[in-house]
Amino acid sequence: MAGSSEGVGDKELPPILEQRCILQSEALSQYILETSVYPREPEALKELRQLTATDLRQAPAIRFWNAMATGPDEMQFLSMLLKLMNAKKTLEIGVFTGYSLLATALSLPHDGEIIAIDTNRKNFELGLPFFEKAGVAHKVDFREGLALPILNELAKEEKYKGWFDFVFVDADKSNYMNYHERVVEMVRVGGIIGYDNTLWNGSVVAEAIVERPFPWYIMESRDAILKFNAYLAADPRVEICHLSISDGLTLCRRLH
Ligand code: SAM
Ligand code: CA
């Protein structure tokens, strides 16, 4: 997890993260998942989610399993969006074991292309067998390393100007603004950039929730998320939609 503000090292996993949904109601969140999401979740995704939630839970380096993988309800929504857009070329920043990446790969046509960036190839390789089993591994071009220098290289290539239909950003929150400045030129006009965790466990209104103090790693990136949300709201290059699904998801549609 080098370079990630989501890395927790040896510190304790606080109970707050067991509740991923911003609804702040475990029961309502479970209801959505059990009624509408799990029964429709593709088999490969289900298996990958279970591997992430069980095997990795035992690994001391990945005690953040529950908060790291994108919520299945959010990916159900994004899968539909990708199909509605007829998306073919996508970029993902922040892969982990690949739940959002696999959901994306399953939603693109056979000749779809995804560039996926993460500092940690090992976690991606844990999930890779599920991509292979589902027959979608050929769509993924995994690039290991820090996202910023990789994006800087991509941005130099004429090919990638206005190239992607969809970009999903789910890595270090302190760099969201830097990622936006790069990817906004690389997504096509009318294309979508999705920023994950933009409600950051509800901490964006932390003053209002005094009875629930937030752990250090949430507070550490809270300012970055607050600044980023304000910056997106004022960016004339994109139309935005701030959704309260999962931990918050902001969609940006490139205008020109
Ligand atoms: N989208 C993933 C999923 O659905 O399972 C979860 C991604 S996880 C929240 C964040 C990931 O970002 C981690 O795997 C971490 O290694 C990666 N990451 C953190 N900082 C990064 C950086 N500066 N460049 C590239 N990857 C980074
Ligand atoms: Ca996330």
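This is a predicted model: local features need pLDDT of at least 70, side-chain atom pairs count only at pLDDT 80 or more; totals for chains, interfaces and linings use all residues.
## Around I93

Leaving aside residues up to four places away in sequence, I93 touches I117, A147, L151, F168, V169, D170, A171, Y179 and V183.

As background, nonpolar side chains tend to be buried together in soluble globular proteins.

## Helix α5 and its partner α4

Next, have a look at helix α5, which spans residues 99-107. Eight of its nine residues are buried, so α5 is largely enclosed by the rest of the structure. The buried ones are Y99, S100, L101, L102, A103, T104, A105 and S107.

How does α5 pack against helix α4 (residues 72-84), and at what angle? The two helices meet at about 30°, and their axes are 9 Å apart. Angles under 35 degrees count as roughly parallel, and α4 and α5 are therefore roughly parallel to each other. The crossing of α4 past α5 is right-handed. On the α4 side, the contact is made by P72, M75, S79, L82 and K83, and on the α5 side by Y99, S100, A103, T104 and S107. Sorted by class, this contact has five nonpolar residues, four polar ones and one charged one.

Where does G98 sit? You will find G98 in the loop between β1 and α5. Is G98 buried or exposed? G98 is buried, and its relative accessible area is 0%.

Not counting residues up to four places away in sequence, G98 touches L48 and F131. L48 lies 50 residues from G98 along the chain, yet their C-alpha atoms are separated by 8.0 Å.

## The chain as a whole

Stepping back, the chain has nine helices and seven strands. Of its 256 residues, 53% are buried. Among contacts between residues at least 6 apart in sequence, 72% join residues at least 24 apart.

Note on methods: Residues are numbered from 1 along each chain as its sequence is written. Chains are lettered from A and ligands numbered from 1 in the order in which they are written. Side-chain values use heavy atoms; hydrogens and water are left out. Axes are lines fitted to C-alpha atoms, for helices over the stretch in contact, and angles run from 0 to 180 degrees between N-to-C directions. Helices (H or I, at least four residues) and strands (E, at least two) are DSSP runs, numbered from the N terminus. Angles under 35 degrees count as roughly parallel, over 145 as roughly antiparallel, 65 to 115 as roughly perpendicular and the rest as oblique. A crossing is left-handed if the near helix is turned anticlockwise from the far one by less than a right angle, and right-handed if clockwise. Contact means heavy atoms within 4.5 Å. Ala, Val, Leu, Ile, Met, Phe, Trp, Tyr, Cys and Pro count as nonpolar, Asp, Glu, Lys and Arg as charged, and the others, Gly among them, as polar. Buried means under 20% relative accessible area, exposed over 50%, partly exposed in between (1.4 Å probe, protein chains only).
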